[in-house]
Amino acid sequence: MNLVEPQIASLFGLNLPSRLALFLTLGLIVFLFRRDVREKPNVSGALWLPVLWLVLTCSRPVSEWLNIFGLPVSGAASAEEGSALDACFYLVLATVGFCVLCKRQVHLSEIVLNNGWIIAFFLYCFISIAWSDFPFISFKRWIKVLGHPIMALIILTEPDPKEALVRLMKRCAYVVVPFSVLWIKYYPQLGRGYTEWGEAMNKGIAMGKNLLGADCLILGVFFFWHLLQTWRTERNTQRRNELRLIAGFLIGILWLLRVAHSATSTICLFVAILIVVFVGIRSTRNFIGTYMFAALVLVAAAELAFGISGRLSESLGRGSTLTGRTELWANVLKFQSNPIFGVGFESFWLGERRVRIGELYKNWIPGGAHNGYLDIYLDLGLIGLSILIGLLIATFWKIRLELFRNFEWGRYRLGSLAAVILHAWTERTFGTGGPLWFVFYIIALDYSQTHLTTAQPSVWVARSEESREFAMPKTNSNEEVVFGTGID
């Protein structure tokens, strides 16, 4: 840990006793949540379900949290089985979320109509369980993934979806950022560790430095977008306090990115911010599709001609092989036994196949290809990868239309989509429990409501144009399939 000690010790020049630092951190978190409640946001109590879901995906499983708090419980029995406690907890959360959607009369036909590519991807994942070597494990993981769209729909069916997004991200940040800084600086047994190659790393509240980087990416994109929203509001005390809050969290996020040494997340955050700023130029909005396509072609050409990813990795001190990723990619392709259909949903990195790949390395058994697209190809084959690419393209076109209907919400969606697409090039972004995969469903799902409310939008997301707000449908047609009846 000697390599990281100088950076840790320099944090704001503070070197407090660990117990005092813990007390101050808990006090800060309590203050932030009390401030959040006193603002009386236009959100329901059900929003705490996706908040808890996001915090857990950004940090550590329930079983590990219980162990940290002195309640010894058994963790994952194996890579195949996982933890029964964690599986049950996620199932309960998803079930409660489903009940919330039932009470809100969320129409299944509306979901299918507006999200055909998402439905197609889920259906193919489900069908692929049939030829998996581990069908029961594959099915359990498929059930867990269903929690992502359920939680995303809770957000999208709130009285004010944009306000719900703001509260979701801020409440998550209130936990993830302060605790990560605290654990890295004052509780190294919790916040630091070693990589598979024995290198020191800072992981904060997350399971590893790459997950910490993904957390910072998600929160960094949000707080930059939220900064633009807040900056244009009326000058008053609330605006000044909110700007201070945003500045504090952006500083904390950038510091965590620095000590985590997550090159992928740093680059993705930079690109996402550039896109959010770029689409703010009015002259670019009508041609955003052309610009994005041209940028994609240029990047692909540069990669094929000059190996730009390797050169960029070298400039960041990662080596031309992207920290050994290119070698791993070449090795795992040799074990793909079904290139058309794949080996089954979330099944490639299980059993003997994973052990055989691990034999190619010393003291390390990979748990993923460190490439989201490659992992999809290994699990779901060319068919699954094609559906995923179709889903990403369809999401982009939905966001492009959103830029003309609700510009600020569309701008956030576009920046987040760019971050997800780029992040997946060197990380397992589309994994079952990844926070970026959850954020993707928030920006990819569309659920149009039948009635609009007249509730006032949040001051922090207010624009010159009136904010559109969703309400629960009052009646139910006999021709539509719904999740339930009643109003929450």
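A crossing of two helices is left-handed if the near helix is turned anticlockwise from the far one by less than a right angle, and right-handed if it is turned clockwise. By that rule, the crossing of α5 and α9 is left-handed. The model described here is predicted.

## Overall make-up

The protein chain holds 22 helices and two strands. It has 488 residues, and buried residues make up 54% of them. Among contacts with a separation of 6 or more, 75% join residues 24 or more positions apart. The chain exposes about 22400 Å². Carbon and sulfur atoms supply 66% of that area.

| Pair | Axis angle | Axis distance |
|---|---|---|
| α3 (residues 48–58) and α10 (residues 161–186) | about 45° | 9 Å apart |
| α5 and α9 (residues 147–156) | roughly 40° | within 9 Å |
| α20 (residues 372–405) and α21 (residues 407–423) | roughly 160° | within 9 Å |

### α5 with α9

The axes of α5 and α9 cross at roughly 40°. The two helices are therefore oblique to each other. On the α5 side, the contact uses Leu93, Ala94, Gly97, Phe98, Val100 and Leu101. These meet Gly147, Ile150, Met151, Leu153 and Ile154 of α9. By class, the contact of α5 with α9 has nine nonpolar residues, two polar and no charged.

### α3 with α10

Helix α3 packs on α10 at an angle of about 45°. That angle makes α3 oblique to α10. The crossing of α3 past α10 is right-handed. From α3, the contact takes in Trp48, Pro50, Val51, Leu54, Val55 and Cys58. Their partners in α10 are Leu168, Met169, Arg171, Cys172, Val175 and Val176. The contact of α3 with α10 counts 11 nonpolar residues, no polar and one charged.

### α20 with α21

What is the orientation of α20 and α21 to each other? Their axes cross at roughly 160°. Angles over 145 degrees count as roughly antiparallel. The two helices are therefore roughly antiparallel. Helix α20 passes α21 in a left-handed crossing. Tyr373, Leu392, Thr395, Phe396, Lys398, Ile399, Glu402, Leu403 and Arg405 form the α20 side of the contact. The α21 side consists of Phe407, Trp409, Gly410, Arg411, Arg413, Leu414, Leu417 and Ile421. The contact of α20 with α21 divides into 10 nonpolar, two polar and five charged residues.

## Two loop residues with positive phi

Most residues other than glycine have a negative phi. Lys40 is not a glycine, yet its phi is positive, at about 50°. Lys40 sits in the loop between α2 (18–38) and α3. Its relative accessibility is 73%, so Lys40 counts as exposed.

His261 is also not a glycine and has a positive phi, of about 55°. His261 belongs to the loop between α13 (237–260) and α14 (263–278). Is His261 buried or exposed, or does it fall in between? At 35% relative accessibility, His261 counts as partly exposed.

Some residue pairs are separated in sequence, and their C-alpha distances are given below.

Leu113 is part of helix α6 (residues 108–114). Its relative accessibility is 67%, so Leu113 counts as exposed. Leu113 and Tyr447 are 334 residues apart along the chain. Their C-alpha atoms are separated by 9.3 Å.

Lys140 lies in helix α8 (residues 135–145). With a relative accessible area of 30%, Lys140 is partly exposed. Lys140 and Glu346 are 206 residues apart along the chain, with 9.9 Å between their C-alpha atoms.

Ala84 is found in helix α5 (residues 84–103), the helix that crosses α9. Ala84 is exposed, because its relative accessible area is 57% and the exposed class begins over 50%. Ser63 is 21 residues from Ala84 in sequence. The C-alpha atoms of Ala84 and Ser63 are 9.2 Å apart in space.

Terms used:
Residues numbered from 1 in each chain as written. Predicted model: local features only at pLDDT ≥ 70, side-chain atom pairs only at ≥ 80, totals over all residues. Heavy atoms only, no water. Axes fitted to C-alpha atoms, helices over the stretch in contact; angles between N-to-C directions. Helix = DSSP H or I, 4+ residues; strand = E, 2+ residues; numbered from the N terminus. Parallel < 35°, antiparallel > 145°, perpendicular 65-115°, else oblique. Contact = heavy atoms within 4.5 Å. Nonpolar A, V, L, I, M, F, W, Y, C, P; charged D, E, K, R; others polar. Buried < 20%, exposed > 50% of the residue type's maximum accessible area, 1.4 Å probe, protein only. Areas by Shrake-Rupley, 256 points an atom, 1.4 Å probe, with all protein chains shown as cover.
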